[in-house]
Amino acid sequence: MVIGTLAGLFSGLFGVGGGSVIVPLLVLWLGYDERSATATSLAAIIFIAAFGAAAQGLYGNVNVLDAALIGLPAVGGVVIGTWLQQRLSARWISLLFAAVLVASAVELVLR
Amino acid sequence: MSAAAIAIGVAAGIVAGLLGVGGGVLFVPGLVLVLGLGQHQAEATSLLAIVPVAIVGTCTQDRYGNVRRDDALLLGGLSLAGAGAGVALANALSGTVLRDAFAALMVLVAAQLVRRVLSSGGASPRSSPAHDG
């Protein structure tokens with residue numbers, strides 16, 4: 001229950017799915033393994049993101065065209081990513097992704 | 001411009017499928033830095049873009065038997081009030097504050113990923129010879 005509320009708040013505030021809150025909490029508090037946690041988190045995110053997008057729509061902030069431009073190619077990407085997850089260690093990808101995040105954060109603030 | 005947006009979409013999708021995070025956390029900076037949206041618009045648009053990704057990702061994961069449906073429904077249902085509150089809070093903040101908070105979030109997610117890597121495979125062989133190998 002705490003996980004759900006935290007994840008929702010987080011998702012609505014930052015426009016992200018909330019997976020970065022849900023996954024570690026499912027692992028730490030409910031004893032999920034990594035794969036079940038990411039999978040279950042994705043399923044919960046459908047509801048969270050749809051509701052958050054609808055709420056943001058009321059504020060007139062949603063750009064549907066851009067959402068399609070970035071979201072639809074991502075659908076292809078997520079199939080590839082899920083396929084890869086069953087086959088390789090995410091170790092180096094995690095580290096690379098972490099580096100990309102930090103670099104993007106710096107650019108976002110300095111821009 | 002569009003090609004770059006599509007590339008970001010594909011990359012974000014791959015990371016989302018692989019790590020279970022990374023849809024929105026890449027969509028938002030992509031929308032701001034590449035498509036030039038404001039922070040509020042980027043976050044709102046990111047939420048909508050996440051929906052199809054999460055649907056397809058869930059169906060794919062479900063085929064591998066990884067989705068615990070009852071917990072997912074419970075989590076999703078419980079989070080709606082929080083999501084509404086979060087959206088209201090985001091719209092009460094200025095774009096600059098929201099942007100800086102988002103940048104901090106990205107660094108935290110990065111730190112979390114690194115910690116996860118270190119704790120999962122990272123037990124030093126020298127520190128615990130009894131469990132070696």
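Tutor: In this predicted model, the axes of helix α1 (residues 2-14) of chain A and α3(A) come within 10 Å and cross at roughly 45 degrees. Axes here are lines fitted to C-alpha atoms, for helices over the stretch in contact, with angles from 0 to 180 degrees between N-to-C directions. Helices are DSSP runs (H or I, at least four residues; strands are E, at least two), numbered from the N terminus. α1(A) and α3(A) are therefore oblique to each other (under 35 degrees is roughly parallel, over 145 roughly antiparallel, 65 to 115 roughly perpendicular, the rest oblique).

From α1(A), the residues Ala7(A), Gly8(A), Ser11(A) and Gly12(A) meet Ile48(A), Ala49(A), Gly52(A) and Ala55(A) of α3(A), a contact being C-beta atoms, placed from the backbone, within 7 Å. This contact of α1(A) with α3(A) comprises 4 nonpolar, 4 polar and no charged residues; Ala, Val, Leu, Ile, Met, Phe, Trp, Tyr, Cys and Pro count as nonpolar, Asp, Glu, Lys and Arg as charged, and the others, Gly among them, as polar.

The chain that holds both helices, chain A, has 5 helices and 0 strands. Its sequence runs in the pattern α-α-α-α-α, and the C-alpha atoms of chain A fill a box of roughly 40 × 35 × 30 Å along the principal axes.

Helix α3 (residues 34-58) of chain A also packs across the chain boundary: its axis and that of helix α4 (residues 69-92) of chain B come within 8 Å and cross at roughly 30 degrees. That angle makes α3(A) roughly parallel to α4(B). On the chain A side, α3(A) brings Thr40(A), Ala43(A), Ala44(A), Ile46(A), Phe47(A), Ile48(A), Phe51(A), Gly52(A), Ala55(A) and Gln56(A) into this contact. Their partners in α4(B) are Arg69(B), Asp71(B), Ala72(B), Leu75(B), Gly76(B), Gly77(B), Ser79(B), Leu80(B), Ala83(B), Gly84(B) and Val87(B). By class, the contact of α3(A) with α4(B) is made of 12 nonpolar, 7 polar and 2 charged residues. Ile48(A), Gly52(A) and Ala55(A) take part here and also in the contact with α1(A).

Within chain B, the axes of α1(B) and α2(B) come within 9 Å and cross at roughly 165 degrees. The pair α1(B) and α2(B) is therefore roughly antiparallel.

Residues are numbered from 1 along each chain as its sequence is written, and chains are lettered from A and ligands numbered from 1 in the order written. As the model is predicted, local features need pLDDT of at least 70 and side-chain atom pairs count only at pLDDT 80 or more, whereas totals for chains, interfaces and linings use all residues.

Note on methods
Contact = placed C-beta atoms within 7 Å.
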